Amino acid sequence: MMRIIAMINQKGGVGKTTSVVNIGAGLARLKQRVLLVDLDPQAHLTYSLGVRAEELDTAVYDLLKGEATLEETLLTAHGLKLIPSSIDLAAAEIEFSTEVGREAFLKNVLQQVNEVDYVLLDCPPNLGLLTLNALTAAGEVLIPLQAEFLSTKGLQQLLAMVEKVNQRVNPGLAIRGIIATLYDQRLRLHNEVFENLREHFGKMLFRTFIRRNVALAEAASFGQPIFEYAPNSHGARDYAALCKEIKTMGK
Ligand SMILES: Nc1ncnc2c1ncn2[C@@H]1O[C@H](COP(=O)(O)OP(=O)(O)OP(=O)(O)O)[C@@H](O)[C@H]1O
Ligand SMILES: [Mg+2]
């Protein structure tokens with residue numbers, strides 16, 4: 001059974017892309033076959049795996065449009081399959097907005113994928129059409145949350161969108177969990193915020209918190225997963241622990 005997981009938060013810079021790369025790489029170390037999909041025109045996921053988005057002939061935009069095949073678009077990087085993004089994707093929100101079935105383009109593409117255990121979808125920082133495509137294709141949602149900038153309002157909007165998708169187009173969709181990212185144990189504010197989160201979300205919050213660790217940012221700029229760049233770092237340990245939690249949840 002292939003698990004399709006969307007990494008979503010409309011707030012920028014909360015660790016979506018970092019989590020997709022390193023959960024993907026962590027699951028691969030657990031002998032899982034992983035496909036990552038970059039749904040952000042910024043192409044940060046693509047660059048984080050050392051692939052130069054500006055040099056690609058085909059990327060996810062062409063695939064969603066039906067102008068390239070899966071084989072033409074699919075790459076392999078660091079033991080992971082990747083459907084890369086490019087700046088062209090910025091046009092998709094407007095271009096696709098009047099098309100019939102526009103929320104299911106990605107779902108249709110992913111139906112051709114086989115020999116993969118996990119598909120992780122990296123979403124842009126908004127709740128637009130690309131995020132809607134991810135929610136329509138996915139079975140599970142992961143929400144990375146950064147403590148300092150915790151916005152209950154933003155989270156409510158996000159949960160409301162998931163709920164609507166759930167009721168209208170994808171009844172199988174479940175929120176699998178909230179990932180605390182960029183966690184700094186030394187800050188009292190964080191401890192308070194996470195006490196609140198625990199009270200509020202209970203088991204929805206993963207037990208593993210992802211600590212703030214500069215090696216995670218460095219790894220991305222070197223185009224490597226954390227397990228290659230700094231296998232003994234806090235970042236590597238935290239993402240490895242999180243992967244075990246995700247894997248044992250099964251489906
Ligand atoms: N745990 C961490 N410790 C230190 N730096 C981190 C950590 N997680 C992410 N970062 C860095 O913070 C920045 C934002 O992270 P990331 O790109 O993963 O967020 P994002 O939610 O995908 O952002 P966007 O919404 O713009 O796509 C990046 O520079 C990344 O390297
Ligand atoms: Mg990102």
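Let's start just after helix α1, where Lys31 takes a positive phi of about 70°. Helices here are DSSP runs of H or I with at least four residues, strands are runs of E with at least two, and both are numbered from the N terminus. Most residues other than glycine have a negative phi. Keep that in mind, as two more cases come later.

Some ground rules. This is a predicted model: local features need pLDDT of at least 70, side-chain atom pairs count only at pLDDT 80 or more, and totals for chains, interfaces and linings use all residues. Residues are numbered from 1 along each chain as its sequence is written, while chains are lettered from A and ligands numbered from 1 in the order in which they are written.

Back to α1 itself. This helix covers 16-29. It has 14 residues and reaches 20 Å from its first C-alpha to its last, close to the 20 Å expected at 1.5 Å a residue. The expected span is 1.5 Å times one less than the number of residues. Is α1 enclosed or open? Of its 14 residues, 13 are buried, so α1 is largely enclosed by the rest of the structure. Buried means that 20 or more other C-beta atoms lie within 10 Å of the residue's own; exposed means 12 or fewer; partly exposed is in between; and C-beta atoms are placed from the backbone.

Next, the ligand. Which residues come nearest to ligand 1? Lys16, Thr17, Thr18, Pro125 and Ala217 do, out of 19 residues around it. Near means that the C-beta atom, placed from the backbone, lies within 6 Å of the molecule or strand. Two helices, α1 and α10 (214-221), each supply at least two residues of this shell. The largest share, 4 residues, comes from α10. By type, the shell divides into 8 nonpolar, 8 polar and 3 charged residues. Nonpolar covers Ala, Val, Leu, Ile, Met, Phe, Trp, Tyr, Cys and Pro; charged covers Asp, Glu, Lys and Arg; the others, Gly among them, count as polar.

Stay with α10 for a moment. Leu216 sits in this helix. Leu216 is buried, with 27 other C-beta atoms within 10 Å. Leaving aside neighbours within four places in sequence, Leu216 is in contact with Thr18, Ile226 and Gly235. Contact means C-beta atoms, placed from the backbone, within 7 Å. Look at Thr18 again. Leu216 and Thr18 are 198 residues apart along the chain, yet their C-alpha atoms are separated by 7.4 Å.

Now the sheet. It is open, with 7 strands in the order β3-β4-β2-β5-β1-β6-β7 and mixed pairing. β3 (75-77) and β7 stand at the edges with a single partner strand each, so one side of each has no neighbour in the sheet. The twist averages 25° from one strand to the next. Strands pair if DSSP finds at least two bridges between them.

At one end, β3 and β4 (residues 80-83) pair in the antiparallel sense over 3 bridges. There, Leu75 stands opposite Leu82 in β4. Helix α7 (residues 129-137) packs on the sheet and touches β1 (3-7), β5 (118-122) and β6 (140-146). The direction of α7 makes about 150° with that of β1. Axes are lines fitted to C-alpha atoms, for helices over the stretch in contact, and angles run from 0 to 180 degrees between N-to-C directions.

What about β5? 5 of the 5 residues of β5 are buried, so this strand is largely enclosed by the rest of the structure. Tyr118, Leu120 and Asp122 point one way; Val119 and Leu121 point the other way. In a regular strand the side chains alternate between the two faces of the sheet. β5 pairs in the parallel sense with β1 over 5 bridges, and in the parallel sense with β2 over 5 bridges. Arg3 has Tyr118 as its bridge partner in β5. Asp38 stands opposite Asp122.

Buried or partly exposed? Ile178 is partly exposed, with 19 other C-beta atoms within 10 Å. Not counting residues up to four places away, Ile178 touches Ile143, Leu145, Phe201, Met204, Leu205 and Phe206.

Last, the two other positive phi values. Ala43 has a phi near 60°. Ala43 lies in the loop between β2 (34-38) and α2 (44-48), and is buried, with 24 other C-beta atoms within 10 Å. Leu182 has a positive phi of about 50°. Leu182 lies in the loop between β7 (174-181) and α9 (188-201), and is buried, with 21 other C-beta atoms within 10 Å.

Terms used: Two residues are in contact if their C-beta atoms, placed from the backbone, lie within 7 Å.
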